[in-house]
Amino acid sequence: MSHYDDLETRSQDEREAAQLAELKKQLAQVEAAPGSCLAPGSLGSLAELSTLPVLRKSQLGEWQAAQRPFGGIRVSNVAQIFQSPGPIYEPGGVSRDWWRMGRFLHACGIGTSDIVQNCFGYHLTPAGHIFENGARAVGAVVIPAGTGQTDLQVRAAADLGSTAYAGTPDYLKVILDRAEEMGESLSFTRAAVGGGALFPSLRQEYADRGITCLQSYATADLGNIAYEAPNPGDPTAPPEGMIIDEGVIVEIVRPGTGDPVPEGEVGEVVVTSLNPDYPLIRFATGDLSAILSGRSPCGRTNSRIKGWMGRADQTTKIKGMFVRPEQVADLVARHPEIRRARVVADREGEQDVMIVQVEADGGHEGSWAESVSAVLKLRGKIERVSSLPNDGLVIEDRRDYG
C-alpha cells in the first residue's frame with residue numbers, strides 16, 4: 001500500500017531529530033500561560049520532554065475561565081471555535097489536513113473516487129469538521145450527514161452511492177439494518193470510525209457485509225493521535241495496534257504523574273501536539289494505553305500503541321459522548337432524595353447503552369430521566385436500586401474490549 005507521505009517511512013532517528021526541532025519551535029512560541037513553567041528551548045532530546053509539567057484538561061478549563069477563549073495560549077489561524085463539556089473551547093482550522101485526519105483516511109483506502117457519508121456531529125463539536133477536513137485532504141467527496149435521521153441517511157447513501165462511512169462504530173450498523181428493512185442496497189465498502197470502541201464482533205459483522213472497518217484515536221484538542229492501517233499480507237486480519245501520527249509526540253506515563261512507564265506497561269496517554277497553530281505541550285488525555293514493541297507490518301515506521309484501554313479516571317465515552325464524574329454529581333445535586341447514583345456503560349445488540357442506577361429515598365424515575373437527559377446529554381435506562389456498592393465508583397464500564 002502506498003503511504004500518505006515520506007514522513008511515515010523515515011527512520012526513528014530522523015523522526016526524533018525532526019520532532020525535536022519542531023518541539024523547540026513550539027516551546028519558543030508558547031508564552032507563559034497561567035500556571036505554566038515551560039522553559040523554551042531548553043530541551044536537548046525528546047527524552048527530556050518528561051521534565052516538563054503535564055497539562056490536564058481541568059487546568060485548561062481553569063485557564064479558559066480566567067481568559068476566554070483559549071486561556072492565554074497563543075493560537076493562530078483560527079477559523080472555527082468548538083465547545084466541549086466544561087465548557088472548554090477548542091480552535092479549528094480549515095487549512096489542508098489541519099487535524100491530520102487525511103493520513104488515517106488514506107490508510108483506510110479512501111481517496112478521490114470515494115463519496116464519504118460523514119455521520120459525525122457538526123454542531124459545537126469538531127468531529128464532523130475533523131473528518132471532513134481529512135476527506136478533503138485525500139480528495140474525496142463529502143456528504144455532511146451529521147447524526148440521526150436514519151431514514152434520510154439511507155436515502156442519501158442509496159441515491160448518491162456512498163462508498164465510505166465516517167462516524168461512530170455502531171451507527172453504521174443502524175444505517176445498514178434500516179436499509180435492509182427499506183429494501184435498499186447500499187454501496188459502502190470502507191468505514192473510518194472513531195468516538196467509541198470498535199468491538200471485534202462488530203468489526204467482523206462489517207467484514208461479513210463486505211466493509212473494511214478501521215478506527216482512529218483522536219480528540220477535539222489534539223486531532224488525530226493514532227490510527228489503524230491494514231496488513232498488506234492479510235488485509236482481512238484485525239490490525240495490531242494503532243500507529244502514532246507523525247504530527248504528535250506520544251508518551252505513556254504512570255497515571256497521576258508525568259513519569260514515563262516502560263514499553264508495554266499500561267499508563268496514561270500524554271500527547272504533545274506539533275501543530276504550530278495550537279501548541280499543547282504534554283497534554284494529558286485521561287486515556288489508558290501501552291506502547292507495542294516492533295513495527296507495523298504495513299511498512300510505516302512510527303511506534304504503535306495498543307489502542308484505547310479505558311480511562312485513567314472514571315470518565316468514559318458512551319455513544320460517542322464523554323460522561324464525567326462531575327456530571328453524575330450534578331445529577332445527584334438536583335434531587336435531594338437521591339443518596340447516590342452510578343452510570344453504567346454496557347452493550348446491547350452491538351450498540352452502547354447507558355443505565356443510571358439510583359439509590360434514593362422516594363422520588364420518581366420520570367423526573368430523574370429528565371435530569372439525566374439534561375445533564376448527561378444522553379438518554380438512559382433508570383434503575384432504582386436498594387444500595388450501591390461502597391467502592392467509590394460513579395461510572396462503571398461493563399463493555400468487553402477484548
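# Helices, strands and the whole chain

Trainee: At what angle do helix α5 (residues 150-160) and helix α6 (residues 171-182) pack?

Mentor: This is a predicted model, where local features need pLDDT of at least 70, side-chain atom pairs count only at pLDDT 80 or more, and totals for chains, interfaces and linings use all residues. Residues are numbered from 1 along each chain as its sequence is written, and side-chain values use heavy atoms, leaving out hydrogens and water. Axes are lines fitted to C-alpha atoms, for helices over the stretch in contact, with angles from 0 to 180 degrees between N-to-C directions. The axes of α5 and α6 are 9 Å apart, and the angle is about 75°.

Trainee: Is α5 roughly parallel or roughly perpendicular to α6?

Mentor: Angles under 35 degrees count as roughly parallel, over 145 as roughly antiparallel, 65 to 115 as roughly perpendicular and the rest as oblique. That makes the arrangement of α5 and α6 roughly perpendicular.

Trainee: Which residues of α5 make the contact?

Mentor: Contact means heavy atoms within 4.5 Å. From α6 come Y171, V174, I175, R178, A179 and M182. Facing them from α5 are T150, D151, Q153 and V154.

Trainee: Is A179 buried or exposed?

Mentor: Buried means under 20% relative accessible area, exposed over 50%, and partly exposed in between, with a 1.4 Å probe and protein chains only. A179 lies in helix α6 and touches V154, E184 and L186, not counting residues up to four places away in sequence. Its relative accessibility is 2%, so A179 counts as buried.

Trainee: How many residues of helix α4 (residues 127-137) are buried?

Mentor: Helices are DSSP runs of H or I with at least four residues, and strands are runs of E with at least two, numbered from the N terminus. Among the buried residues of α4 are F131, E132 and N133. Of its 11 residues, the number buried is nine.

Trainee: Now the strands! Which residue is the bridge partner of I252 in β11?

Mentor: Two strands pair if DSSP finds at least two bridges between them. Strand β10 (residues 248-253) runs antiparallel to β11, joined by six bridges. In strand β11 (residues 267-273), seven of seven residues are buried. The partner of I252 there is V269.

Trainee: Which strands stand at the edges of the open sheet of four strands?

Mentor: This sheet has mixed pairing and the order β19-β18-β17-β20. A strand there with a single partner has one side left without a neighbour in the sheet, so the edges are β19 (381-384) and β20 (395-397).

Trainee: By how much are neighbouring strands of this sheet turned against each other?

Mentor: The figure is an average and ignores direction. It comes to 25°.

Trainee: Which helix packs on this sheet?

Mentor: Strand β17 (residues 338-348) runs parallel to β20 through three bridges. The helix touches β17, β18 (351-360) and β20, and its direction makes about 130° with that of β17. Spanning residues 325-333, it is helix α8.

Trainee: What is the radius of gyration of the chain?

Mentor: The radius is taken over C-alpha atoms, and the globule rule is 2.2 Å times the number of residues to the power 0.38. With 402 residues, a compact globule would come near 21 Å, and the chain agrees at 21 Å.
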